[in-house]
Amino acid sequence: MFDKNFINKLREQFPILHQQVYNQPLVYFDNAATNQKPLRVINVLSNYYCTINSNIHRGVHYLSQQATSAFEESRKSVQQFINARHAHEIIFTRGTTESINLVASSFSKKYLSKGDSIVISAMEHHSNIVPWQMACEATEAQLKVIPIDQSGTLMMDAYEKLLDANCKLVAVTHVSNTLGTINDIKTIIEIAHRHNIPVLIDGAQAVSHIKVDVQQLDCDFYCFSAHKMYAPMGIGVMYGKEKILEELPPYQGGGEMIKNVTFEKTTYNELPFKFEAGTPNVGDALALKEAIAFMNELGLGQINAWEHELLDYATQKLLEIEGVKIYGTAQQKTSVISFLLGNIHPYDAGIILDKLGIAVRTGHHCTQPLMDFFRIPGTIRVSLAVYNTREEIDALIKALLTVKTMFG
Amino acid sequence: METYTERTLTIINEFGLFTDWMDKYNFIIEMGKTMPLIDAKYKTDTYLISGCQSQVWLFAEYTGGKVCFSADSDAIITKGIVNILIRALSGLTASEIIEADMAFIDRIGLREHLSPTRSNGLNSMIKQMKLYALVFKTKYETNK
């Protein structure tokens, strides 16, 4: 399917890829930070503001009704995308970070107290560390960490030992943004559930690469951002099981989330509105629906297969360069490669790669504890998406050889 | 002793020789290698200016009415850029450092390193150098 013609046609849908930076053709390898948007997604966003923009759920007028029904259709499309049981289990947020903060805040208000613990892993993004740290500080609970081995794989024996009677929630990433490790979350969830502990999955790095089925996984919460799945920035999703969402107190107060307000008492609206205070991000929700259609048409299986072909090719080519050390060599990986080139500082390499038109991420990737584990200041991270090509990987390899000469 | 303006003109002229970005960065890398290095005993958290991507240690001392800087960084390009700042400012009086306009950074085409998103600490470095100068000025030069 992914022959040269197909890729060229696919790339035509991404106007941003067809430009030169510093007189060099742009090679975009920072897809784990955010990936690019196809024209059809951009058009939906622009079309929304040209045709039906209005505030939803309260207007009786035509535009408001159109926007409301389109917004709720988007919710249904997300529900189908992750196979949630109910549409009202899909809560729209600003992104993964807000989704996790929502759960951390509401969950800890109800269930966390002194002496309790929350279990996370050593490979978490700061956004799945700090909200829990804040919740633990507020309640005098403890944060416990599942260790990893040198390949960047979670140590499952150690994990189960952390699940004592005080443990109230497990919060683990589906895919490591730095290492690309795909965690065996099915087993992680099963083990936690044997101890009656709910599990939150940070799916930010998974949803554009792996088919996610929240019912099959049986996770209690699943959080992700739209902008890492070919949709705009500023919208994300917090999936939660109906039962647990019903029990949680609201996160923010405001319009939309209420049923009745008097100065004495407010009663809250039903799901999903209880967690969606204020005017939601309607335009981006519509664009997210289009991005899901884009991925479905390509097929996540096909996307994954092509990305793996690129991952294998890039890994092999990188290892041919003397001095390259790859961090994150787990058996199951997405198309992310973190590496160092001899003792060249990742920041130095990043500056030169940038000048050669190659966009990579350098630094600690918001996973400082993980960098401390490997005792390195950071890495160069190449993250591949469906529109990347072998030729772009060749350009990266050539550029890395230039970097090597300059700092050698 | 060259004035601040003369020093920056020298630097601008040096950079004027390069038409190619790669030659410019090779020059910055060379500059990184000739930096007046901070005494190992000061390479501690107290003297650390933490950027997002690379670390810089900066030390300043006040001798004979002049402020002298030494530094180090774990990234060589950052080190080269710090050395450019040191060449421009080290050995001047506290007042000269406080008043230095730093526009030459723009003229040698390193403006991008001043942007806050770069997070390489260049901004905080300039701020820190000026802060040292201000502290020395207050401590040693007021009420004389």
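Two strands pair if DSSP finds at least two bridges between them. Keep that in mind for the first stop. The model on screen is predicted.

**Stop 1**

To see one bridge, pick Lys325(A); its bridge partner in strand 14 of chain A is Leu340(A).

**Stop 2**

**Stop 1: where chain A touches chain B**

Bring in chain B. Here 12 residues of chain A are in contact with 13 residues of chain B. On the chain A side, select helix 12 (346–355), strand 16 (361–363) and helix 14 (390–407); these are the elements that give two or more residues. Which of them gives the most? Helix 12 of chain A does, with 5 residues. Colour the chain A side by class and you get 6 nonpolar, 4 polar and 2 charged residues.

**Stop 2: chain B as a whole**

Chain B has 6 helices and 4 strands. Trace chain B along the sequence and the pattern reads α-α-β-β-β-α-β-α-α-α. How much of chain B is buried? Of its 144 residues, 35% count as buried. Then consider contacts in chain B with a separation of 6 or more: residues 24 or more positions apart account for 65% of them.

**Stop 3: a helix pair in chain B**

Select helix 3 (residues 76–89) and helix 6 (residues 122–141) of chain B. Their axes come within 11 Å and cross at roughly 25 degrees. Angles under 35 degrees count as roughly parallel, so helix 3 of chain B is roughly parallel to helix 6 of chain B. The crossing is right-handed.

Show side chains next. From helix 3 of chain B, pick Ile81(B), Val82(B), Leu85(B) and Leu89(B). From helix 6 of chain B, pick Leu122(B), Met125(B), Ile126(B) and Met129(B). These residues make the contact. What is its make-up by class? The contact has 8 nonpolar residues, no polar ones and no charged ones.

**Stop 4: the mixed sheet of chain A**

Return to chain A for the last stop. Display the open sheet of 7 strands, in the order 4-10-9-8-7-5-6. Its pairing is mixed. Strand 4 (90–93) and strand 6 (142–146) of chain A stand at the edges. Each of these has a single partner strand, so one side of each is left without a neighbour in the sheet. The twist in this sheet averages 20 degrees from one strand to the next.

Finish on one pair. Select strand 8 (residues 199–202) and strand 9 (residues 221–225) of chain A. They run parallel, and 3 bridges join them. Click Asp202(A), then Cys223(A) in strand 9 of chain A: the two are bridge partners.

Notes: Residues are numbered from 1 along each chain as its sequence is written. Chains are lettered from A and ligands numbered from 1 in the order in which they are written. This is a predicted model: local features need pLDDT of at least 70, side-chain atom pairs count only at pLDDT 80 or more; totals for chains, interfaces and linings use all residues. Axes are lines fitted to C-alpha atoms, for helices over the stretch in contact, and angles run from 0 to 180 degrees between N-to-C directions. Angles under 35 degrees count as roughly parallel, over 145 as roughly antiparallel, 65 to 115 as roughly perpendicular and the rest as oblique. A crossing is left-handed if the near helix is turned anticlockwise from the far one by less than a right angle, and right-handed if clockwise. Two residues are in contact if their C-beta atoms, placed from the backbone, lie within 7 Å. Ala, Val, Leu, Ile, Met, Phe, Trp, Tyr, Cys and Pro count as nonpolar, Asp, Glu, Lys and Arg as charged, and the others, Gly among them, as polar. A residue is buried if 20 or more other C-beta atoms lie within 10 Å of its own, exposed if 12 or fewer, and partly exposed in between; C-beta atoms are placed from the backbone.
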